Amino acid sequence: MTSPTLHVGCPMWAQRAWVGTYLPAGTTPGRELWAYSRFLTAVEGNATFYAVPHPATVTRWAEMAAPGFRFVFKVPRTITSWLPRRAP
């Protein structure tokens, strides 16, 4: 039996206050995901709750991230919050 893999992450990767602490000093805007994905193994994609990103954007994120990095995207609010609720 193999042990499960635990992935650890935060709800964002572009936090300028992390540069020089969690992210290497000198990390420039647009390179935060690259640096973040070499420090943690996953990220919660909050942006997808508000809008579905363009496929080219998601592709760029995947190409920028370290091998094996995991994205955990939120379901859009149009599905979770705005659709009428039905009784079970």
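**Entry 1: the overall order**

I read along the sequence and found the pattern β-α-β-α-α-β-α. In total I noted four helices and three strands; helices (H or I, at least four residues) and strands (E, at least two) are DSSP runs, numbered from the N terminus.

A note to myself on the ground rules: this is a predicted model, where local features need pLDDT of at least 70, side-chain atom pairs count only at pLDDT 80 or more, and totals for chains, interfaces and linings use all residues. Residues are numbered from 1 along each chain as its sequence is written, and side-chain values use heavy atoms, with hydrogens and water left out.

**Entry 2: dimensions and surface**

I looked up the radius of gyration, which is 16 Å for the chain, while a compact globule of 88 residues would have one near 12 Å. That radius is taken over C-alpha atoms, and the globule rule is 2.2 Å times the number of residues to the power 0.38. The C-alpha trace spans about 50 × 40 × 25 Å along its principal axes.

Next I checked the surface: the accessible area is about 6,500 Å², with 63% of it belonging to carbon and sulfur atoms (Shrake-Rupley method with a 1.4 Å probe; for residues, only the protein chains shown count as cover). Of the 88 residues, 24% count as buried (under 20% relative accessible area; exposed is over 50%, partly exposed in between, with a 1.4 Å probe and protein chains only).

I also looked at contacts, meaning heavy atoms within 4.5 Å. Among contacts with a separation of 6 or more, 71% are between residues 24 or more positions apart.

**Entry 3: Ser37**

I then went to the loop between helix H1 (32-36) and strand E2 (42-45), where Ser37 sits. Is Ser37 buried or exposed? I found it buried, because its relative accessibility is 6%. Leaving out residues up to four places away in sequence, Ser37 touches Met64, Ala65, Ala66 and Phe69. A polar atom of the Ser37 side chain lies 3.0 Å from the backbone oxygen of Trp34. I count that as a polar contact (a pair of N or O atoms within 3.5 Å; within protein, one must be able to donate a hydrogen and the other to accept it, and residues adjacent in sequence count only if both atoms are side-chain atoms).

**Entry 4: Arg38**

Arg38 lies in the loop between H1 and E2. With a relative accessible area of 40%, Arg38 is partly exposed. Which residues does Arg38 touch, not counting those up to four places away in sequence? I listed Met64, Ala65 and Ala66. The Arg38 side chain has a polar atom 3.4 Å from the backbone oxygen of Met64. Lastly, I noted 25 Å between the C-alpha atoms of Arg38 and Val52, which are 14 residues apart along the chain.
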